[in-house]
Amino acid sequence: MPILDPVKKTIAQKHRLYMKICRDCGSRNAETALKCRKCKGKNLRWKKREIVK
C-alpha cells in the first residue's frame, strides 16, 4: 500500500533508509551511533540506499 501523503512519506523513508549497519554482527543502529548496540564494535557503515521507481 503506497503512502500518498508527502509528510508521512518522508518520515517513513527516514526511519527505513537512514540507519547504520554493523559490519561485524549486521545489526541496525541509529544514524547517530558511533558504536554498535549489540557487539559494541566501531565498524559501522551507512545502509545502502537506492531510489526505486
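These notebook entries record what I looked up in the structure.

**Entry 1. Basis of the model**

I worked from a predicted model, in which local features need pLDDT of at least 70, side-chain atom pairs count only at pLDDT 80 or more, and totals for chains, interfaces and linings use all residues. Residues are numbered from 1 along each chain as its sequence is written, and side-chain values use heavy atoms, with hydrogens and water left out.

**Entry 2. Overall form**

I began with the secondary structure, taken as DSSP runs numbered from the N terminus, with helices being H or I of at least four residues and strands E of at least two. The protein has one helix and three strands, and their pattern along the sequence is α-β-β-β. The radius of gyration of the protein is 13 Å, well over the 10 Å that the globule rule gives for 53 residues, so the protein is more spread out than a compact globule. That radius is taken over C-alpha atoms, and the rule is 2.2 Å times the number of residues to the power 0.38. Along the principal axes, the C-alpha atoms fill a box of roughly 40 × 20 × 15 Å.

I then looked up the surface, with accessible areas from the Shrake-Rupley method, a 1.4 Å probe and, for residues, only the protein chains shown as cover. The protein exposes about 4,900 Å², of which carbon and sulfur atoms supply 56%. I took buried as under 20% relative accessible area, exposed as over 50%, and partly exposed as in between (1.4 Å probe, protein chains only). Of the 53 residues, 19% are buried. For contacts I used heavy atoms within 4.5 Å. Among contacts between residues at least 6 apart in sequence, 21% join residues at least 24 apart.

**Entry 3. The sheet**

I traced the strand order next, with two strands counted as paired if DSSP finds at least two bridges between them. The three strands form an open, antiparallel sheet in the order β2-β1-β3. Its edge strands are β2 (28–29) and β3 (44–46), each of which pairs on one side only. Strand β1 (residues 20–22) pairs with β2 in the antiparallel sense over two bridges. In this pairing Lys20 stands opposite Asn29 in β2.

**Entry 4. The loop between β1 and β2**

I compared two residues here. Ser27 lies in the loop between β1 and β2 and is buried, at a relative accessible area of 6%. Beyond its neighbours within four places in sequence, Ser27 is in contact with Lys20, Ile21, Cys22, Cys36, Arg37 and Lys38.

Asp24 is found in the loop between β1 and β2 as well, but Asp24 is exposed, at 53%. With neighbours within four places in sequence set aside, Asp24 is in contact with Cys39, Gly41 and Asn43. The C-alpha atoms of Asp24 and Asn43 are separated by 6.9 Å, although the two residues are 19 apart along the chain.

**Entry 5. The loop between β2 and β3**

Leu34 lies in the loop between β2 and β3. Its relative accessibility of 72% is why Leu34 counts as exposed.

**Entry 6. Salt bridge**

I searched the whole structure for salt bridges (a side-chain nitrogen of Lys or Arg within 4 Å of a carboxyl oxygen of Asp or Glu), and the search finds one. The side chains of Glu31 and Lys14 form it, at 2.9 Å, N to O. Glu31 lies in the loop between β2 and β3 and Lys14 in helix α1 (residues 6–17), so the pair ties together parts that are 17 residues apart in sequence. Glu31 is partly exposed at 32% relative accessibility, and Lys14 is partly exposed at 43%.

**Entry 7. Cysteines**

I searched the whole structure for disulfides (a pair of cysteine sulfur atoms within 2.5 Å), and the search finds zero. Cys36 is in no disulfide, and its nearest cysteine sulfur, that of Cys25, is 3.6 Å away. Cys36 is buried at 2% relative accessibility.

Cys39 counts as partly exposed, at 36% relative accessibility.
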